[in-house]
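Here are a few notes to read alongside the coordinates.

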Number of protein chains: 2
Amino acid sequence: MTGDGPAADDRLDRIFLGRVVEPGDEVSGRWVRERGVREVVRRLRDDGEPLPGVTARRWAGLLARAGQADPRRDLAVAREAGVRYVCPGDAEWPGTLDELGDARPLGLWVRGRPSLRMWALRSVALVGARACTPYGAHMAATLACGLAERGWVVVSGGAYGVDGAAHRGALGAGGATVAVLASGVDRPYPSGHTELIGRIAEQGLVVGELPPGDHPTPSRFILRNRVIAALTRGTVVVEAAYRSGSLVTARAAQRLGRHTMGVPGPATSALSAGVHELLRGEAVLVTDAAEVVELVGDMGELAPDRRGPQLPRDLLEPGARRVLAALPARRSAAPPEIAREAGTTPDDAIARLYELRALGYVERHGDGWKLTRQAMVSVRGGRPRC
Amino acid sequence: MTGDGPAADDRLDRIFLGRVVEPGDEVSGRWVRERGVREVVRRLRDDGEPLPGVTARRWAGLLARAGQADPRRDLAVAREAGVRYVCPGDAEWPGTLDELGDARPLGLWVRGRPSLRMWALRSVALVGARACTPYGAHMAATLACGLAERGWVVVSGGAYGVDGAAHRGALGAGGATVAVLASGVDRPYPSGHTELIGRIAEQGLVVGELPPGDHPTPSRFILRNRVIAALTRGTVVVEAAYRSGSLVTARAAQRLGRHTMGVPGPATSALSAGVHELLRGEAVLVTDAAEVVELVGDMGELAPDRRGPQLPRDLLEPGARRVLAALPARRSAAPPEIAREAGTTPDDAIARLYELRALGYVERHGDGWKLTRQAMVSVRGGRPRC
């Protein structure tokens with residue numbers, strides 16, 4: 001949870017602006033970059049001189065929305081619902097989102113225990129058709145399970161079809177999963193996934209750009225996809241027809257230099273046609289989780305566990321430090337055992353373990369977690385850093 | 001049919017040597033390249049000084065086989081069965097086979113009317129599993145039909161499964177197809193395909209390296225695949241398990257700089273696993289005939305119809321010239337009509353039309369054939385060259 005620190009005004013300004021402009025709007029993104037959030041909010045709130053790049057009519061529309069904005073109330077409602085606001089400058093802000101340039105989110109509303117930043121370091125997006133085939137659902141669940149068992153975080157959009165199968169596959173493997181919604185995170189969409197999204201918020205993270213209570217629109221679904229692409233190391237499209245929204249995510253991932261992958265299907269299946277189109281371009285064909293990890297794990301510059309822990313143990317959060325200390329020295333242990341030892345819940349232990357995984361302290365092997373060689377060396381060496 | 005011309009001795013020497021060494025044997029290929037066929041045959045027939053690169057025991061084995069060879073009898077048996085021998089130096093020899101280097105066939109036994117060289121210019125290999133799924137058979141037949149309708153020649157191995165479906169798909173579309181066998185072309189293998197291979201010899205071509213009456217072995221199947229790869233502009237693998245022989249064809253095609261393509265299938269299908277492995281490498285994913293043609297048709301240097309006819313009309317064989325003359329000036333016509341006009345059979349007309357297609361004189365559109373613009377210009381210009 002992020003408190004009101006020195007950035008409290010900036011936080012309130014961003015929440016205010018998030019009520020006025022649409023997600024991914026690059027015109028206002030440019031205003032923020034060139035003039036700062038403060039000045040943009042001042043002009044909108046105090047009916048100041050119009051900012052450039054919009055018509056008078058559009059400016060009037062923005063002023064009308066600004067008149068309704070109440071960031072303190074949004075923050076209070078969110079806190080009541082167990083939702084925090086994470087924005088640039090926060091320790092939990094995932095730096096990879098900055099690569100979106102002027103389309104960078106103003107901030108993200110977050111439900112769930114783990115650190116979004118830590119989890120994003122080791123995450124893969126699994127996306128695809130809502131109206132998927134049984135084959136697509138099977139592949140999404142199987143890939144998600146395999147990624148979870150390898151210590152990777154599965155990110156998807158919380159929708160029916162491939163998204164839901166991916167989240168469930170990760171949850172079922174006792175793994176980590178993040179749902180990026182196109183609605184307020186307190187107002188899950190689709191409503192038929194209320195229970196699933198609640199479970200994700202318990203065991204993982206539910207995030208979104210839109211303020212509490214807000215609803216999705218077609219363009220919000222499309223623009224949500226850039227967040228999924230930017231947050232993750234790579235995007236896997238499981239099933240997608242021509243012109244599917246999942247292809248938007250894949251192309252956003254390509255533009256951002258992320259790995260783009262596709263799961264093949266029968267050439268006779270309309271729901272694989274979009275994936276095949278991708279695979280005829282730059283995307284890499286994958287058929288199992290090992291092939292996904294082979295690709296996304298091969299980014300030396302982003303793989304902290306290849307260079308050893310980057311974060312000294314004494315900078316770990318107390319919760320993560322306790323979980324790390326609870327791991328046995330020479331064998332692997334399952335989350336319930338680790339949780340008992342650390343004096344916390346299994347869900348919290350899993351959240352911490354995935355964070356520690358991102359930092360190179362621990363590894364997941366099937367159901368068990370163990371210290372990495374590097375972590376063990378620093379223990380054995382008798383010079384504990386925490 | 002190639003008569004005994006000035007190269008008669010060379011032809012008999014090659015047939016002799018083909019009885020002694022195995023297809024694709026690079027040691028004897030090097031002997032031929034360095035010393036000439038004549039000298040190699042002399043040493044083997046007259047029990048001369050052993051040639052380098054083989055053990056004494058192996059040399060003795062070759063001498064034993066040489067003692068049984070009777071090239072005049074082979075040629076007579078072949079002629080009786082309507083089979084001709086095509087070798088380097090013949091007008092019908094496909095120059096692309098020379099790219100096999102020391103593994104180049106000594107010659108090919110050929111059944112069927114069309115010119116192997118002409119047909120090879122516009123050919124694509126469709127290969128895959130013998131024990132294919134109904135999906136694989138469907139895709140092979142559909143691709144073959146689509147390629148045939150676009151005026152391309154479908155080359156395959158005459159086997160059960162994908163091969164058979166490909167040949168049948170081309171035949172069913174009134175198209176051109178070539179079976180490259182790993183047995184003597186008068187002794188079709190598998191015997192269950194005797195009727196199919198007979199039909200291919202009627203409407204297309206049946207070719208092979210092995211002399212009349214010879215039988216296939218596992219290594220002959222593997223080495224046959226290099227001929228399929230070298231003969232064609234590209235190879236499409238429809239279904240193949242890991243370590244399938246079709247992958248040998250695909251890798252041979254890659255080494256020869258040919259286009260290599262694969263048809264995707266479910267990631268859960270063991271019979272698509274080999275194809276997916278290829279597609280994770282250099283091979284291009286294809287889902288229909290248009291995508292295949294887009295790729296193989298894009299080789300300017302090998303596409304004679306892009307630069308206009310290369311062979312002047314007065315160098316065309318009389319049969320091809322008659323078929324060309326039988327085409328109506330401004331509309332398309334079907335093979336039976338063209339055959340009537342040219343005074344030949346529909347099968348012969350089809351054989352000639354595909355040769356003329358390779359030379360850029362005619363185009364196929366669905367069921368009809370018509371003169372290309374270039375051919376019409378030379379007719380309209382009033383200066384017929386034949």
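This is a predicted model: local features need pLDDT of at least 70, side-chain atom pairs count only at pLDDT 80 or more; totals for chains, interfaces and linings use all residues.

1. The values below are computed from it.

2. Let's begin with the two copies. Chain A is superposed on chain B by a rotation of 179 degrees, with 0.1 Å of shift along the axis and an RMSD of 0.1 Å. The copies are thus related as by a two-fold rotation axis.

3. Next, the contact itself. Chain A gives 13 residues and chain B gives 13 residues. On the side of chain A that touches chain B, at least two residues come from each of α7 (134-149), α12 (270-279) and β9 (284-285). By class, that side of chain A has nine nonpolar residues, three polar and one charged.

4. Within chain B, have a look at helix α10 (residues 218-231) and helix α11 (residues 245-255). They pack with their axes 8 Å apart, at an angle of about 40 degrees, which makes α10(B) oblique to α11(B). The crossing of α10(B) past α11(B) is right-handed.

5. Which residues meet there? From α10(B) come B:Phe221, B:Ile222, B:Asn225, B:Arg226, B:Ile228 and B:Ala229, and they meet B:Gly245, B:Val248, B:Thr249, B:Ala252 and B:Ala253 of α11(B). This contact of α10(B) with α11(B) comprises seven nonpolar, three polar and one charged residues.

Methods
Residues are numbered from 1 along each chain as its sequence is written. Chains are lettered from A and ligands numbered from 1 in the order in which they are written. Axes are lines fitted to C-alpha atoms, for helices over the stretch in contact, and angles run from 0 to 180 degrees between N-to-C directions. Helices (H or I, at least four residues) and strands (E, at least two) are DSSP runs, numbered from the N terminus. Angles under 35 degrees count as roughly parallel, over 145 as roughly antiparallel, 65 to 115 as roughly perpendicular and the rest as oblique. A crossing is left-handed if the near helix is turned anticlockwise from the far one by less than a right angle, and right-handed if clockwise. Two residues are in contact if their C-beta atoms, placed from the backbone, lie within 7 Å. Ala, Val, Leu, Ile, Met, Phe, Trp, Tyr, Cys and Pro count as nonpolar, Asp, Glu, Lys and Arg as charged, and the others, Gly among them, as polar. Copies are superposed by least squares on the C-alpha atoms of residues with pLDDT of at least 70 in both.
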